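This report goes through the model from its overall build to single residues. Please keep the sequence and the coordinates at hand while reading.

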Amino acid sequence: MELQRSFRAVTEALDQIPEAETEGFLARLVLILANELADADRVEIAVQRALAPVKTKEKEQ
């Protein structure tokens with residue numbers, strides 16, 4: 001499955017960098033992928049999808 005392959009690529013990359021660099025790496029990765037997608041509406045939808053579990057967790061607390 002492509003999603004598993006992508007997940008593995010990201011997690012393996014995260015294993016190669018210091019924990020302090022994680023946030024910067026992920027921000028750069030998102031911007032690079034957003035540029036590849038070239039559709040701001042789809043990027044905004046993806047951001048909201050990524051936020052959904054965080055918002056759900058906040059509501060449960």
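## Basis

The model is predicted: local features need pLDDT of at least 70 and side-chain atom pairs count only at pLDDT 80 or more, while totals for chains, interfaces and linings use all residues. Residues are numbered from 1 along each chain as its sequence is written, and side-chain values use heavy atoms, with hydrogens and water left out.

## Fold and dimensions

The chain holds 3 helices and 0 strands, in the order α-α-α from the N terminus. Helices (H or I, at least four residues) and strands (E, at least two) are DSSP runs, numbered from the N terminus.

The radius of gyration of the chain is 14 Å, whereas a compact globule of 61 residues would have one near 10 Å. This radius is taken over C-alpha atoms, and the globule rule is 2.2 Å times the number of residues to the power 0.38. Along the principal axes, the C-alpha atoms fill a box of roughly 35 × 30 × 25 Å.

## Surface

Of the 61 residues, 5% count as buried. Buried means under 20% relative accessible area, exposed over 50%, and partly exposed in between (1.4 Å probe, protein chains only). The chain exposes about 5700 Å², and carbon and sulfur atoms supply 56% of that area. Accessible areas come from the Shrake-Rupley method with a 1.4 Å probe; for residues, only the protein chains shown count as cover.

A nonpolar surface patch is formed by Val47, Leu51 and Val54, which together have about 210 Å² of accessible area. Patches are made of residues with over 30% relative accessible area and no salt bridge, with like charges joined within 9 Å and nonpolar side chains (Val, Leu, Ile, Met, Phe, Trp, Tyr) within 5 Å. Val54 is found in helix α3 and is partly exposed, at a relative accessible area of 42%.

## Charges

There are 8 positive and 12 negative side chains, and the centres of the two sets lie 5 Å apart. Lys and Arg count as positive and Asp and Glu as negative; His and the chain ends are not counted. The place of a charge is taken as NZ of Lys, CZ of Arg, CG of Asp or CD of Glu.

The count comes to 1 salt bridge, defined as a side-chain nitrogen of Lys or Arg within 4 Å of a carboxyl oxygen of Asp or Glu. Arg5 and Glu2 form a salt bridge through their side chains, at 3.5 Å from N to O. Both residues lie in helix α1 (residues 2–15), 3 residues apart, about one turn of the helix. Arg5 and Glu2 are both exposed.

## Single positions

Ala38 sits in the loop between α2 (22–37) and α3 (40–60). Its phi is near 55°, a positive value in a residue other than glycine. Most residues other than glycine have a negative phi. Ala38 counts as exposed because its relative accessible area is 65%.

Val10, in helix α1, is partly exposed, with a relative accessible area of 27%. The C-alpha atoms of Val10 and Leu29 are separated by 9.1 Å, and the two residues are 19 apart along the chain. Thr22 lies in helix α2 and counts as partly exposed at 22% relative accessibility. Between the C-alpha atoms of Thr22 and Leu33, 11 residues apart along the chain, the separation is 16 Å.
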